[in-house]
Amino acid sequence: MSAKLVLVRGLPGSGKSTLAKKIRDHFDVTLGMSPFHYEADKYWVRPDGFYDFNPRRLHDAHEWCREKVQGAVTHDALDPEPYAFTIVSNTFTTLKEMQPYLSMIKHVENIRVVHCTQNYGSIHDVPAHTIHKMSQRWQDTPEYLREIKYDSENFEEVLDFIQGD
């Protein structure tokens, strides 16, 4: 079984983390497996649960996330029954930001991209001008990747999309 990678992308406040957790919890309860779930934001969460963001260490946070994901997707080389997939929820505004994750998977058909399109407001108080700049540099998912847009109304469709071959 090859590792499957699910990239959940969207602007701050679009519901990426919430959706990723919902997907993970669904598979944990219904199939008895809990997919790996990583995001750069987890780097900033202290053991006491406090979110302690430091913009000067943003590169470190993304490097930490990439290392965690690399370990998860190569898990199948060590275990004949690997986790079915790994979820990464980051903004991924550009293809350059997605590329390190895409290169971790041998077969492009094992990659799913979920684009969160809602606007719930940033829980991390990302300034509106920063979100606007991110939206200006947004690059669409390339056609060779499978993508679905998530708008909070199509969760079951997203689950089917992730599980599809």
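In this predicted model, strand β1 is covered on both faces: Lys4, Val6 and Val8 on one side are buried, as are Leu5, Leu7 and Arg9 on the other. The strand spans residues 4-9, and six of its six residues are buried. Lysine 4, which lies in this strand, has a relative accessible area of 11%. Because this value is under the 20% cut-off, lysine 4 is classed as buried. A polar atom of the lysine 4 side chain lies 3.0 Å from the backbone oxygen of glycine 164.

Strand β1 pairs with strand β3 (residues 85-89) in the parallel sense, through five bridges. Within this pairing, leucine 7 has valine 88 of β3 as its bridge partner. Strand β1 also runs parallel to strand β4 (residues 111-116), to which five bridges join it. Here the bridge partner of valine 8 is valine 114 in β4.

Seven aromatic pairs are found in the structure. In one of them, the ring centres of phenylalanine 27 and phenylalanine 85 are 4.8 Å apart and the planes stand at 80°, so the pair is edge-to-face. Phenylalanine 27 belongs to helix α1 and phenylalanine 85 to strand β3, so the contact ties together parts that are 58 residues apart in sequence. Phenylalanine 27 and phenylalanine 85 are both buried.

The rings of tryptophan 44 and phenylalanine 53 also form an edge-to-face pair, with centres 5.0 Å apart and planes at 65°. Tryptophan 44 is buried, at 5% relative accessibility, whereas phenylalanine 53, at 41%, is partly exposed. Both residues belong to one aromatic cluster, formed by Tyr43, Trp44, Tyr51, Phe53 and Trp64.

The largest pocket has a volume of about 1100 Å³. Its lining consists of 42 residues, and those nearest the centre of the pocket are Pro12, Lys16, Asp41, Thr91 and His124. The elements that contribute two or more residues to this lining are α1 (16-31), α2 (58-73), α3 (95-102) and α4 (128-136). Helix α1 provides the largest share, with five residues. By class, the lining of the largest pocket comprises 17 nonpolar, 15 polar and 10 charged residues.

How values were computed
Residues are numbered from 1 along each chain as its sequence is written. This is a predicted model: local features need pLDDT of at least 70, side-chain atom pairs count only at pLDDT 80 or more; totals for chains, interfaces and linings use all residues. Side-chain values use heavy atoms; hydrogens and water are left out. On a 1 Å grid over the protein atoms alone, a cavity is a set of points where a 1.4 Å probe fits but cannot get out, and a pocket is an open set with protein on both sides within 12 Å along at least five of seven lines; lining residues have an atom within 4 Å of a point. Grid points are joined across faces, edges and corners, and a volume is the space filled by probe spheres set on the points. Helices (H or I, at least four residues) and strands (E, at least two) are DSSP runs, numbered from the N terminus. Ala, Val, Leu, Ile, Met, Phe, Trp, Tyr, Cys and Pro count as nonpolar, Asp, Glu, Lys and Arg as charged, and the others, Gly among them, as polar. Buried means under 20% relative accessible area, exposed over 50%, partly exposed in between (1.4 Å probe, protein chains only). A polar contact is a pair of N or O atoms within 3.5 Å; within protein, one must be able to donate a hydrogen and the other to accept it, and residues adjacent in sequence count only if both atoms are side-chain atoms. Two strands pair if DSSP finds at least two bridges between them. Rings of Phe, Tyr and Trp (its six-membered ring) pair if their centres lie within 6.5 Å; planes under 30 degrees apart count as stacked, over 60 as edge-to-face and the rest as tilted.
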